[in-house]
Structures are given as structure tokens and as C-alpha cells.
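Biologist: Please take me through some features of this model, one at a time. For each, I would like the general idea before the case itself.

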Amino acid sequence: MERWLEAERDQTFLWLPVALGTGAAAWFVLPGRREWLALMLLALGVASAAAATWRGGRAAPFAAILGLAVATGTGLAWARAARVAAPTLDRPAVERLAGSVEKVEPLPARGLVRVTLGRLRWERPPRRAPLRVRVSLPQRTVPPTLGAGAVMTLRARLMPPALPTVPGAYDAARAAWFDGVGASGRGFEPVALRGRGAPGVRDRLTAHITTALAGSAGGIAAALVTGDMGAIDDTDSLAMRRAGLAHLLSVSGLHITATVGIVMAAVLRLLALSRRLALTGVLPLVAAGAGAGAAIGYTWLTGSQVPTIRSCVAALMVLAALALGREALTLRLVAMGALVVLLAWPEAVVGPSFQLSFAAVASIVALHEHPRVRAALLARDEPWPRKWLREGVSLLVTGAVVELALMPIAVFYFHQAGAYGAIANIVAIPLTTFAIMPAVALALLLDAIGWGAPAWWVAGRAIALLLWIAHGVAALPGAVRAIPAMPLGAFATMVTGGIWLALWRTRWRYLGLVPLAVGAAWTLLTPAPDLLVTGDGRHLAVRQADGGLALLRDRAGGYVRDVLAQNGGIDGVPGLLSESREARCNRDLCWWQRRVDGRWWRVLATRSGYTVPLERLATLCAAADVVVSERRLPRRCRARWLTLDRAALAHTGGVAVTFPRARARVVTVRVERDEHPWVLAAEVPSSPQATAGGRNDERCRWRSSAAVCAKARQTGSAVP
């Protein structure tokens, strides 16, 4: 081991952000304080033992530093969640409130404007009044003077931040917690505005671009300049995602790099016109300084989001390395960027943006640092056809490696894998970098003197070509393969293998292929769920004999359809249970049955709020294996295997059920003793009596001993 670590001495630093991120990610995965403290003590114990046994060499210090980093990452995530704590709404409500406008996000493609309000004043304050809310308003009702700093008064239907609808879905409650948003919803007319809000530079620039270019072309141009994607049509946005080009719409390393490169090239060319300046030898430093200023300004202009800040930090490090005469792009710089982000925003480690961007950059750098790849792709004097062929092969290989690196992350978060993304990016990335972004930048500069129309025309044509590529690739057979929710263990295994493969340099790196293969096999062998139930019990989807999904309610919204389809592993629109040959439905109930592995499985679900005769309902419940209802069922209505009514779903959240192939598998959104603050904030029953009883029931179910619970029931006291 000592010989191996000595050979890898230049790579050991790269594991510091990995250990820090592991500790932070573990805080989000482990359920409660006992596990968090146990992990921190275990990591500190490993670090202490390694330090105590050190007698020279690299292994002991390496283990000690990794142990300290894991404990630090867990503590940082815990402290960050406590530091941003803010009240969240306890139940849906229609409220009248006034607040200061903090952020305005136009969504013209949906006809909406999303407004974030702070410093709230409530007409009738709710029991847990949020400090910040986010409301969507119809675009036609928004006053033209709306902007940051104005005071808005309105009536809105507000909802608490929602936990994942089903296992594997987006966790809006966690995101809202770290944003400090305690409720979201839709505002009603009339909307009163006091004071004149001054639209920021970003808002004015977005409006200017979308006026110059209509439709999705303007939305894409605005996304590249200001990071605002609200004007992109849903159809075009879907095509970009299916073609593997959605990363072009999110301001990240590609856009920062292009901006810095354009500014540096322009500054160098302009200053080199002076022979005296050209002969001083300081022009590269001046150009690097201009590029750094452009990176910082672009980051501020696009809203200073975490992914953009991360890319800006990396760009500044590259420019500093160039100024010092060091190698510009190495894994050490990537690791430093990750370290800065994790120290400031440890919650970023569980977000797809952080994982996608760092996985892409690390895979590119690791590939081109490999001696054989570097020798094969090194620029040399040769005829231009061979040079272009070499550059094309370099782009294709790089794109394929990036697609493979990003595939586990895309499957885990978005439940789909693309087949042609590497090929599409060979054209789309140069088109965006060398045509669209320069044309938009030139158009904005020329607009100052009224000559921007030709540049806008060029930008519009280039964006139209990009959309044509996206729609063409998205329409190809097999462009996207839908995959059901990936098990967390399989994802962690694949991430571990990928990091091991990318960071080491000796032949031991290839051991990373083993966990990659294990995680991929685990994912592919995990069967798709046969039954998906949302956390409120209103919606469910069952798997049909042909592999498709059928929904309980005929009028399910688009969001619910998309979530159930994605997590159910189908690429398309689910059918209706009322039209299925495997089901019988009336206005109030649906009965579905299907034979799986030689056994009939039967599901009964309510689909209306009307009362069903108790005797008939009890008979059906007794014959069903699973009963699902959005309301509390009477005690006589119990399924043979699993009853999911309002009371049960309050403990489990959304549920995914796989009927036996080898054994039945039930996955729930909520886990026992989950003490993450956004989960605890969602555990609020509807009445004071229900609050005391529900809290006692939950603590008896998950935390306290039977003796303590029995004593509390006798005395009427609260369970500790």
C-alpha cells in the first residue's frame, strides 16, 4: 500500500473533496441524529487511530485526512440545514398577504410570472407563517412596474413545500428549505403594487433579447446571456433534453469558458495592434485579467446561481494557472473548485447540477491526461484533412466518455438515458460556442448604436439550426430509453467506481470497472414498480400486461402524469385504468387484477370523495391484496396485504410496490425516524387533538418503547 500511495502521491489530494462530499451526502441519506453522530464519531475515530499509529509513510496521514474530511462534511451539511431554517406553512390555505418583491422570473412560454416575496405581512397570520413565499401570477395581471423592491399585496392559494410525490421523484421540500421558501402557490386577481420596482439589469436584458428574437429562439438566447429559460417553449425544451443538449441551456462551464475565450481573444487582438504593447510581453496577463472580469460579470449577470459560481471559480483558477505559467486544466483545479463549493454550499452535493458538471469536467480531464490518449490526440504538423479528422475523433471520443460518465446521474435523477447525445453534441457545442454566443454578444453591442438587426438575424438562424438538430435527434428511434427509479445503492456503487477510475493513475484504477459493472447490472435487474401511489392517495398507476402504465383518475394533471411515467420507466403518456381490460371502474371505485408469477394480485382504489356502502366496501377490501384511498378508511376495510389510506400514507408518503418475482418489494418516500428538518416540518396533522394523538402514534411507531407508550396512553401524557 505504501508503494502504491507513493506512486499516486500527486493524486491523493483529489480525494479530499470526495471525502468531504461523502460526509455531506451521508447526512442527507442517513435518517436521524443518532446516525449522523455515529458517522462523525466513526470518522473521527478512524482519523485518530490513523494518527496514533503513524510511524512514517503516506497511508496513515491519508486515512486521517479522509476521516476528518468525512466528519467535517457531515457537520457542514448539518450546520447549513440549521442555519437556513425558516418557518414553513403547515397546511394548504388561501391567504391575503403583502410582501416585498425579491425576485421576478418571467415564464412567457407558460403565460406566467413567478414572484418571490419576502418581509411578509399577513392579514390573518397562519400558525407557522413563512418568511418567504413564491407565487405564480398570470402574465396579464402583472403590473408593468413590477420589479425588485416594490411591495405587492395579493390573495393567493399557498401550499407547503411538497415532499417527493413518489419514490425517486424531485424533492421540492428539500430545495425550498435551503432556499428559505416556506410556501408556494398561485396568486389571484386583483394584484396591488405599492412603490415602483426597478427591473434589474438581468430582467431588462432578458426582455430586450426576447423582443429581438421571438419564441424559443429568444428564450434560448436569453438563457445563454442571463440564464433565464422561461421563454423556451415546452416542446423545444423537451426536444433539447431528449437529444442530450439540455446542458447548453443551463449556464455552466461551457458558457463561462466561451465568454472568457471570446473576451481574451478580443483583448489580445485589439491590444496587439500596438507594436509597443505587443513587445512588452504582458498582453497575455492583461487578457487573462479581462477574462477574469468577464467571468465574474457574466456570473453576476446570470443570477449568481451555484452552478455558475462553481464554473466561475474554476475559470478563475485556470486563469491564475495560466498567469503563473502552470498547466491550465488539471484534476487539481477541478478538485479545488469542488472544495470551494462544498465548503460554502454542502447541500449542492446531492443536486444533479453539481454532480453533472463535475462528472463531465473530471471525465474530460482524466481522459486527456491519460498518456496514450494525449499522445494520440496531440496536435502536430500534418495535412489539414488528417488534422480535421483527428479533431473530429477527439470530439467524438470526448463526447462519448462524457455521455457514459453522466449516464448514471441522468438515470438516477431524470430516469432516462440518451443514445445519441455524444453525436449531437459534436455539432451543437461548436455551433453554440462559435456561432450563437458570439452572434448574440455582437448583436447586444451593436444594439447600442441601432445596428444589431443583422447580428440578431444570424443568431436566430443559428438557434433555428440548433433546434432542428435537437428535434431531429429526439425523433430518432431509441433516442431515449426510459428507466425506472434507480436504487440508491446502485447509484452510489456506480459513482464510487467512476471516481476511483477517474482519480487514480496506476493500473489499480481499473478496479473501478468492477463497481461500475455491479451498479449497472443492479440497475438493469431491478424490476420496474407494478404500483405507484402518490403521497396524497389521489393518484396511482398500475403496470399493465403489455408493460405500460394505467392511471386511476381520468383527469390527472400533466405534472402527475409525467412524474408517474418517469418513475414507472415508460417513455410516453400513461393510459387510463378505466379503459384497461384488466380493470373494472365506476365513478367511485376501481378494481384491478393481474396475474404475476402464477398468482393473482388485486388492487382496490377509491376515485371519488363520495361515501360507499360500508358492507360492500368491506367485502371488496377483504378480497383485495392492496387497498388505496385518499381518505381515512373504516377499520373494517382492511386489505389482505397492504392498506394505504390517508392515515397510512401520512407515515409512508408516496409508495412504489413491486409484486413478487422473487419477493414483494415496497419502497416509501418517508423512512423511519427521519429527522431532516424539511421532513419534520411536513409532519403537521390537521387539528390540535390530531396533533397530540398523531405525534404520540408516530413516536410509538418509530421511536419509543412499548412500555413508555403504554404508560403514556394510561396517563394521557405525551410520549417523549
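Biologist: Where is R505 found?

Modeller: R505 is found in the loop between α19 (488-503) and α20 (513-525). Helices here are DSSP runs of H or I with at least four residues, strands are runs of E with at least two, and both are numbered from the N terminus. Before going on, note that this is a predicted model, in which local features need pLDDT of at least 70 and side-chain atom pairs count only at pLDDT 80 or more, while totals for chains, interfaces and linings use all residues. Residues are numbered from 1 along each chain as its sequence is written, and side-chain values use heavy atoms, with hydrogens and water left out.

Biologist: Is R505 buried, exposed or partly exposed?

Modeller: Buried means under 20% relative accessible area, exposed over 50%, and partly exposed in between, with a 1.4 Å probe and protein chains only. R505 has 24% relative accessibility, so the residue counts as partly exposed.

Biologist: Which residue forms a salt bridge with R505?

Modeller: Side chains of opposite charge can pair when their charged atoms come close. The cut-off used is a side-chain nitrogen of Lys or Arg within 4 Å of a carboxyl oxygen of Asp or Glu. R505 pairs in this way with E369, and their closest N and O atoms are 2.7 Å apart. The pair links distant parts of the chain, since E369 sits in helix α14 (residues 352-369), 136 residues apart from R505.

Biologist: How many salt bridges does the structure hold?

Modeller: There are 21 salt bridges. One of the other pairs is D571 with R242, where the closest N and O atoms are 2.8 Å apart. This pair also links distant parts of the chain: D571 is in the loop between α21 (558-568) and β11 (575-576), R242 is in helix α8, and 329 residues separate them. D571 counts as partly exposed, at 44% relative accessibility. E6, R9 and R58 are linked in a network of salt bridges.

Biologist: Which residue forms a salt bridge with R140?

Modeller: R140 pairs with E189, with the closest N and O atoms 2.8 Å apart. R140 lies in the loop between β3 (132-138) and β4 (151-159) and E189 in strand β5, so the pair ties together parts that are 49 residues apart in sequence. R140 is exposed, with a relative accessible area of 68%, and E189 is partly exposed at 49%. E189 has a further feature: its peptide bond to P190 is cis, with omega near -5°. P190 has its place in strand β5 (residues 183-194).

Biologist: At what angle do the axes of α8 and α18 cross?

Modeller: Two packed helices are described by the angle between their axes and the distance between the axes. Axes are lines fitted to C-alpha atoms, for helices over the stretch in contact, and angles run from 0 to 180 degrees between N-to-C directions. For helix α8 (residues 234-242) and helix α18 (residues 453-474), the axes come within 8 Å and cross at roughly 65°. The two are therefore roughly perpendicular to each other; angles of 65 to 115 degrees count as that, under 35 as roughly parallel, over 145 as roughly antiparallel, and the rest as oblique.

Biologist: Is the crossing of α2 and α4 left-handed or right-handed?

Modeller: A crossing is left-handed if the near helix is turned anticlockwise from the far one by less than a right angle, and right-handed if clockwise. The crossing of α2 and α4 is right-handed, whereas α8 passes α18 in a left-handed crossing. The axes of α2 (residues 15-29) and α4 (residues 59-83) come within 7 Å and cross at roughly 40°, which makes α2 oblique to α4.

Biologist: What is the phi of H415?

Modeller: H415 has a positive phi of about 60°, although the residue is not a glycine. H415 lies in the loop between α16 (384-414) and β6 (416-418) and is buried, with a relative accessible area of 3%. D597, not a glycine either, has a positive phi of about 55°. D597 lies in the loop between β13 (589-596) and β14 (599-606) and counts as exposed, at 53% relative accessibility.
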